[in-house]
Amino acid sequence: MSNAALTDWVLAQLPLYGPWLLGMTTFLSCLALPVPASLMMIASGAFVATGDLSLPAIGGAAFAGAVSGDQAGFWLGRRAGRLLPAPDSRKGKLISAALAQLARKGAVTVFLSRWLFSALGPWVNLAAGASGFRHPRFTLAGVLGEAVWVGAYVGLGIAFGANLQAAADLASNALGLMAAGAMAVALGWWLWRAARQPRRR
């Protein structure tokens, strides 16, 4: 079954299994499995807008699944750090990048990787566990980030109703713009600090 066919099948099951299916999807997505979690949340929001699904049930299930997936990834990294992919593999490079970001930014990296840089999220979970990152800090940053992720995507589905493609395109474009903006701010901050260093010397 192709990815497109699998996505269509999963979306077709959403009105039947609603919160349970959505919660499982967000859980699996936080373990780096290729499931359409963001699209599922948008579709769930659309069903909320038509009255077919309950907003508290959908929002709670998506949030609980995402937070549970983060915790599972964290403890998997903590317990099985030696079994992580080799550093020179593609997945190993992602984990190395996550470790570097954690060392520099800490909880900010965890927070942003829940929604703004979500492709890095599962690897940040593993890296945080394997590196000995403090669990309370990871949990607080993860919970706040997942609340943004779930709220944004379910909210888009409610706002756009049946036009899932428009909502998905808007989400992709908006996240791209925010990521570019974050990189621009970071670069500006780095340049500002670099310009000040000679003066201090």
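1. Let's start with Trp-75. In this predicted model, Trp-75 counts as partly exposed, because its relative accessibility is 34% and the buried label needs a value under 20%.

2. How do the rings of Phe-74 and Trp-75 sit against each other? They are edge-to-face, with 5.2 Å from centre to centre and 85 degrees between the planes. The structure holds 4 aromatic pairs, and ring pairs join Phe-74, Trp-75 and Phe-138 into a cluster.

3. Phe-138 takes us to helix α7, where it is one of the buried residues. The helix has 26 residues, and from the first C-alpha to the last it covers 37 Å, close to the 38 Å expected at 1.5 Å a residue. Other buried residues in α7 include Ala-141, Gly-145, Trp-149, Val-150, Tyr-153 and Val-154.

4. Now for the nonpolar cores. Which residues have the most contacts inside the largest one? They are Leu-22, Met-40, Met-41, Ile-58, Trp-149 and Val-150, in a core of 22 residues. Two or more residues come from each of α1, α2 (37-49), α3 (55-79) and α7 (135-160). The biggest giver is α2, with 6 residues. Apart from this core lies another, of 14 residues, with Phe-74, Leu-120, Ala-127 and Ala-141 among them. As background, nonpolar side chains in soluble globular proteins tend to be buried together.

5. Ile-58 is a handy place to look around the largest core, being among the residues with the most contacts there. If you skip neighbours within four places in sequence, Ile-58 is in contact with Gly-18, Pro-19, Leu-22, Ser-44, Val-48, Leu-53 and Val-154. Of these, Leu-22 is also on the list of residues with the most contacts inside that core.

6. Last, have a look at Ser-29, which belongs to helix α1 (residues 3-29). Is Ser-29 buried or exposed? Ser-29 counts as buried, because its relative accessible area is 17% and the cut-off is under 20%. Its side chain reaches the backbone oxygen of Thr-26 at 2.8 Å. Setting aside neighbours within four places in sequence, Ser-29 is in contact with Val-35, Ala-37, Pro-122 and Trp-149. That brings us back to Trp-149, one of the buried residues of α7.

Conventions:
Residues numbered from 1 in each chain as written. Predicted model: local features only at pLDDT ≥ 70, side-chain atom pairs only at ≥ 80, totals over all residues. Heavy atoms only, no water. Helix = DSSP H or I, 4+ residues; strand = E, 2+ residues; numbered from the N terminus. Buried < 20%, exposed > 50% of the residue type's maximum accessible area, 1.4 Å probe, protein only. Polar contact = N/O pair within 3.5 Å; in protein donor to acceptor, adjacent residues only side chain to side chain. Contact = heavy atoms within 4.5 Å. Core = buried A, V, L, I, M, F, W, Y, C linked by side-chain atoms within 4.5 Å. Expected span 1.5 Å × (residues − 1). Phe/Tyr/Trp six-rings, centres within 6.5 Å; stacked < 30°, edge-to-face > 60°.
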